[in-house]
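Hi everyone, thanks for coming. Let's walk through this one together, starting with a helix and then moving on to the sheets.

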Amino acid sequence: MNQSLLSQIDSPKDLKKLSVDELPALCAELRAFIINQLSHGPGHFAASLGVVELTVALHYVYDTPDDKLIWDVGHQAYGHKILTGRRDQFYTNRKKGGLSGFPNIFESEYDAFGTGHSSTSISAALGMATAYRLAGEKNKHVVAVIGDGAMTGGEAFEALNNMATGGADMLVILNDNNMAIDQVTGSLSQYLLDITTSKTYNKLRHHLGNSKRSLWTRLTSSLKNLISHSSNMFEGLNIRYFGPADGHDVRYLVSILSDLKKIDGPKLLHVITTKGKGFRAAEENPTKWHAVGSRFDPETGEPTDNGPSTPQPPRFQDVFGQTIVELARSNEKIVGITPAMPSGCGLITMMKEMPDRCFDVGIAEQHAVTFAAGMAISGYVPFCNIYSTFAQRAFDQLIHDVALQKLHVVFCFDRAGLVGPDGATHHGAFDISMLRPVPNLTIMSPMDEVEMRHMMYTAQMPENETIVIRYPRGRGSVIDWQKPMKKIERGTARLLRRGDGGIALLSFGPIGTSVAHVADRLQEVGISATHIDMRFAKPIDTHLLDEILPTHHNVMSIEDGTKIGGIGSAVLEYANEKGYKVNFTSIGLPDEFVAQGTIDELYADCGMDEESIYRSALSMMGK
């Protein structure tokens, strides 16, 4: 593929050597480069295609890295990385030891702020702009690029509310494609649609845009206030509003941004883009193409990876999706709640069958939790499905609004443990240790898909209070999983294998499948191990521990979460309380942020793969 312009650009300084009339050709090359790279190196796809022109225009107009450019979440930052000296390394994107899939301050000076979670960009940009004002650095500019999906997050509104009060000089670019990962929901989406479809407004916009673009830039906010039936929301917050602008006209964007760069104070540019722009399959199905997980033909979009030839166990999120539908058919009080992840978490299955009982509340984890609390106190049984890493954002609501009031909310924490190429911002490392100290809380994790169904069935029963079920991304271990569901007694573990007292292996969650294999291997070398599937991190099964701890000198806990405060800590706390003397080893995530890589690579690095567990057990036994 001939990259005659892109191959010349190793930094934004090189980009500025091009004429404005050359930029459309560069955009075409950059878009083709992203498509080609991701066709054999999967990653986030549609979002970066949608902001190619905006990315080029921003680096063309602003003096990065002195001017600061912040990409909210960072799904859309691939073009930014390619233009800022990382083109030749981009093949390592999301791979172990390679480029992060998100902006990372340790990777490049052009990554002004680390992102990976939604709705943080405006707050960070406001902090930077305020710091520059205090330091008297008047020539530095700060730009935050935030999508209409991320704008639904509470922190974004908090930052907008604060943005105009301090006199900070900054620009927010609202990248409006009517998408988050799934379709954007809520009134903000309709509000932005009203702005973009005002016939009178757009007629004037077209006329002025074709005659005097700089004049259009100066007058657009005033025109909007005159023509709209109500005051512009952003103008009402004392933030100067410009737009909507065509996000795929790079020449036009350069003109607008050049004008805005000269205007002091807080301002917002509303840009209309198409997610997946330039790749037909992604334009037609942006949810499917938000992130690609396998290789595909860059021309047709057809997959080129052959799937497994033998039947595979289902993904845990698919088990959740099908099981909640079964439960909801027989329990009319069950409702489903998700903060903007219906497809990813599997709730989309229930949404299709029972749309009135499912609620996508937007990228708003705090609201999702308290919304669930309001439904629970009114007699419903909410299943609130949040990715583990995003549940961290709603810790206070989970304590104050749910657990403190002993409300019957079922939290399903998807993507618990290591998640692979998404890296440190997305690993579900901290939920066990975060929640174990919270009173009135039950924490469970299934070893396999059948146990997952039993736990969901148990969780919806009326005698329960607040329940957390955590489970990982990807597939489990049981193909024939649609078994009849049964109740699990709270705080009961499963004794899967009784050994002769040499070593006890206490596993929590799906990592127990690897531990079962380790127990088999130990048996082959003459070590008869006891294996317990703990099932509950809170409350732990003290009755079974009272049986095992006095009779086993060597005890090992294994979990897919941080070791600090996890299931191993819980067992040690109990052993100390009862005075049991054991030789104890805890296997789990280390006290560090784990970078990206494949699941297998990361498990091995953390000493959590089957081979590492086996060798640790041998070492404990002096072999």
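Let me start with helix H12, where Val-250, Tyr-252, Leu-253, Val-254, Ile-256, Leu-257, Asp-259 and Leu-260 are buried; buried means under 20% relative accessible area, with exposed over 50% and partly exposed in between, using a 1.4 Å probe and protein chains only. A quick word on the source: this is a predicted model, so local features need pLDDT of at least 70, side-chain atom pairs count only at pLDDT 80 or more, and totals for chains, interfaces and linings use all residues. Residues are numbered from 1 along each chain as its sequence is written, and side-chain values use heavy atoms, leaving out hydrogens and water. Helices (H or I, at least four residues) and strands (E, at least two) are DSSP runs, numbered from the N terminus.

Back to H12, residues 250–261. From first C-alpha to last, its 12 residues reach 16 Å, close to the 16 Å expected at 1.5 Å a residue; the expected span is 1.5 Å times one less than the number of residues.

What does H12 pack against? Helix H4, residues 52–61, at an angle of about 40° and with the axes 9 Å apart. Axes here are lines fitted to C-alpha atoms, for helices over the stretch in contact, and angles run from 0 to 180 degrees between N-to-C directions. H4 and H12 are therefore oblique to each other: under 35 degrees counts as roughly parallel, over 145 as roughly antiparallel, 65 to 115 as roughly perpendicular, and the rest as oblique. On the H4 side, the contact includes Leu-54, Ala-57 and Tyr-60, and on the H12 side it includes Val-250, Leu-253 and Leu-257; contact means heavy atoms within 4.5 Å.

E1 and E2 (142–147) are joined by 4 bridges, and Trp-71 has Val-145 in E2 as its bridge partner.

The other open sheet I'd like to show you also has 5 strands, ordered E12-E14-E13-E16-E17, but here the pairing is mixed. E13 (503–508) and E16 (554–562) pair in the parallel sense over 6 bridges, and Leu-505 stands opposite Met-556 in E16. Finally, helix H22 (512–524) lies across E12, E13, E14 and E16, running at about 160° to E13.

Definitions and conventions
Pairing = 2+ DSSP bridges.
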